[in-house]
Amino acid sequence: GMMAKQFLELKISSGKVAYLGTQNSAEYIAQTGLEYVPVSEVDLDNVDDISAFVFLDDEGFDWNTDFNKTVNLLRRKPMPVITANSDIFYPVAKHDVAIATGGLAKLVERMLNKRFIDYGKPDSQMFMYAYEGLMAEMGFVDRKDILMVGDTLQTDILGGNKFGVKTMLVLT
């Protein structure tokens, strides 16, 4: 969410931001000062004031109604679409996974033949943001002294490796 927040602050100056996710995850949008609305409250016959869409979370919405509304909103109006977390799935038990926000966004991208703006691991901007924050708080920290602990090989561990820090995979 924090990288989506930065994008919105830099690129979206007016209008409402529609989102898919929980009210708590929408706090990232609220911090920008922009108006925001859950996709469940969007009137598809009146979308002129929607200026961006953010996939924030994989819960906090009706998977049938709100997901279909998301698809139809993005079919009707061109706008920047941000994926706040590019994880496609995450482990929930020893042998089970659950679909994550990135998986939902990838499905809609494929359906609409569009490309969204992905923020999240394994892209390095999230690691750089955290690293700069750590250095601002603690002073210089060598990357070789950092351990990235994650539960997803394709995002957490790949991203940590690309950024040049040690990694550890945990099975949650």
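Modeller: Two strands pair if DSSP finds at least two bridges between them; strands (E, at least two residues) and helices (H or I, at least four) are DSSP runs, numbered from the N terminus. This is a predicted model, in which local features need pLDDT of at least 70 and side-chain atom pairs count only at pLDDT 80 or more, while totals for chains, interfaces and linings use all residues. Residues are numbered from 1 along each chain as its sequence is written, and side-chain values use heavy atoms, with hydrogens and water left out.

Biologist: What makes β4 and β7 partners?

Modeller: Strand β4 (residues 81-83) is joined to β7 by 2 bridges, and at least two are required. The two strands run parallel, and Thr 83 stands opposite Asp 118 in β7.

Biologist: In what order do the strands of the open sheet stand?

Modeller: The order of the 5 strands is β2-β1-β3-β4-β7, with parallel pairing. Because β2 (35-38) and β7 (117-118) each have a single partner strand, they stand at the edges.

Biologist: Why is Thr 83 called buried?

Modeller: Buried means under 20% relative accessible area, exposed over 50%, and partly exposed in between (1.4 Å probe, protein chains only). Thr 83 has 1% relative accessibility, so it counts as buried. With neighbours within four places in sequence left aside, Thr 83 is in contact (heavy atoms within 4.5 Å) with residues including Phe 55, Ala 105 and Asp 118.

Biologist: How do you know that Asp 118 forms a salt bridge with Lys 106?

Modeller: A salt bridge requires a side-chain nitrogen of Lys or Arg within 4 Å of a carboxyl oxygen of Asp or Glu. The closest N and O atoms of Asp 118 and Lys 106 are 3.1 Å apart, which meets that limit. This pair links distant parts of the chain, with Asp 118 in strand β7 and Lys 106 in helix α4 (residues 101-112). Asp 118, at 15%, is therefore buried, whereas Lys 106, at 33%, is partly exposed.

Biologist: Which residues are linked with these two in a network of salt bridges?

Modeller: Glu 109 and Arg 115 are linked with Lys 106 and Asp 118 in the network. Arg 115 and Glu 109 have their closest N and O atoms 3.2 Å apart. Arg 115 has a relative accessible area of 62% and is therefore exposed; Glu 109, at 7%, counts as buried.
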